[in-house]
Amino acid sequence: MGAPGSGCTTLFKAFQIIYSGWGEDAQRQEYRPLVEQHFWRCVEDLARLVETSPEIGASEREAISPPPSPGPITKEAVDWAEQTWHSDAVCRAVSWTPDGHSGTISSYPYTFPCAERLLNQSYTPTLQDILFTSTRLTGILTEDFTWDGYKYTVIDVGGQKSERRKWIDHFDDASLLYVVNMLCVFDPDELEESLKVFESFVGNERLFGGVVLMMNKVDLFERVCVGGSFRSYGHLGDYGGEEKDLEGIKRYVAEKFLKVLKERNVVIHYTTATDLDMMSHILKHILQYHSAPVLV
Ligand SMILES: Nc1nc2c(ncn2[C@@H]2O[C@H](COP(=O)(O)OP(=O)(O)OP(=O)(O)O)[C@@H](O)[C@H]2O)c(=O)[nH]1
Ligand SMILES: [Mg+2]
């Protein structure tokens, strides 16, 4: 479970791909409408960013043509997305803008530069396309798999407020809770809210499992910090370390979560959930050392 858009479903997909062998051609083909929908959500969010970002000046805004209307994906739509994404004004604005609850900004660097492939009639989504496609989850997803002679069930829940009250019913017999949060939360209020939600949830006496804290979107965090947009990290008010000490900042943010998860046995991982190599390494480690599986 985690804050909306933090990457829970992406983690769930990584489990499916790595441990259930999900991802044959036919399964990926079924994803095509969702990949197309995701493209349009990205276009819509990008157009809103162009309209509203204080980082974009009036003359820069005028130089960007109006966005295409949703429908079948056309060459014009792809060109608009690619050109707008590459404009200096948008690059600057994106690096100062928090990834909202839809989480689409995280996928811009992947989605826009290679959008032309969506025009191809015989295009089949790749695993990367699928990992970068966001679908806001309501209800739950479950996946069973067997690994090393043991049986596991992974459960994914939505992070929106309306979904959170259902969490407890799904996790009261879980042996391990994956708490996912973005490393690069810009808004201090948003961070406070996540901390409160996790504190009250994980403190529930019906839960007995250990906790894996996944500080996710490391790639985005590093891009923002290296790009120098560090000042937008409003919640780093009392951080006393160096601006470019990425490891120090990561630890500082994680400590805030560790404080509220204090009653639990917590393992921390800094993750990029869309990176299958990284995830396969991390998940193997977790399954080997921290889970309590059922013998089959
Ligand atoms: N760049 C980057 N993008 C990521 C990462 N993890 C997830 N994303 C993207 O962030 C967006 C939102 O991810 P989801 O997994 O759908 O988020 P969620 O937590 O399930 O969101 P809800 O279901 O609304 O609670 C998707 O476009 C993902 O591809 C990451 O580590 N790096
Ligand atoms: Mg989700």
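## Cavities in the predicted model

Four cavities of 30 Å³ or more are counted in this predicted model. A cavity is a set of points, on a 1 Å grid over the protein atoms alone, where a 1.4 Å probe fits but cannot get out. Rolling a probe the size of a water molecule over the atoms shows where empty space is left.

Local features need pLDDT of at least 70 and side-chain atom pairs pLDDT 80 or more, while totals for chains, interfaces and linings use all residues. Residues are numbered from 1 along each chain as its sequence is written, chains are lettered from A and ligands numbered from 1 in written order, and side-chain values use heavy atoms without hydrogens or water.

## The largest cavity

The volume of the largest cavity is about 490 Å³, where a volume is the space filled by probe spheres set on grid points joined across faces, edges and corners. Its lining has 35 residues, and Gly5, Ser6, Gly7, Thr10 and Ser134 lie nearest the centre; lining residues have an atom within 4 Å of a point. By class, nine of them are nonpolar, 21 polar and five charged. Here Ala, Val, Leu, Ile, Met, Phe, Trp, Tyr, Cys and Pro count as nonpolar, Asp, Glu, Lys and Arg as charged, and the others, Gly among them, as polar.

At least two lining residues come from each of α1 (8-19), α3 (32-52) and α12 (218-226). Helices are DSSP runs (H or I, at least four residues) numbered from the N terminus. Helix α1 gives the largest share, four residues.

## Position between the domains

The chain is divided into domain 1 (8-22 + 137-295) and domain 2 (32-124), with bounds from an automatic or database domain assignment. Taken over C-alpha atoms, the domain centres are 27 Å apart. Because both domains give residues to its lining, the largest cavity lies between them.

## The second largest cavity

The second largest cavity has a volume of about 90 Å³. Eleven residues line it, of which Ala3, Pro4, Arg164, Glu193 and Ser194 lie nearest its centre. Helix α11 (residues 188-202) supplies the largest share, five residues. The lining divides into five nonpolar, three polar and three charged residues.

## Surroundings of ligand 1

Ligand 1 is surrounded by 25 residues, each with a heavy atom within 4 Å of it. The closest are Thr9, Thr10, Leu131, Gly159 and Asp219.

Polar contacts are pairs of N or O atoms within 3.5 Å. A polar backbone atom of Gly5 is 2.9 Å from an oxygen atom of ligand 1, and a backbone N or O atom of Cys8 lies 3.0 Å from an oxygen atom of ligand 1. For Ser106, a backbone N or O atom lies 3.2 Å from a nitrogen atom of ligand 1. Of the 650 Å² of accessible area that ligand 1 has on its own, the protein covers 99% (Shrake-Rupley method, 1.4 Å probe).

Key:
1 Å grid on protein atoms, 1.4 Å probe; cavity = no way out; pocket = protein on both sides within 12 Å on 5 of 7 lines; lining within 4 Å. Polar contact = N/O pair within 3.5 Å; in protein donor to acceptor, adjacent residues only side chain to side chain.
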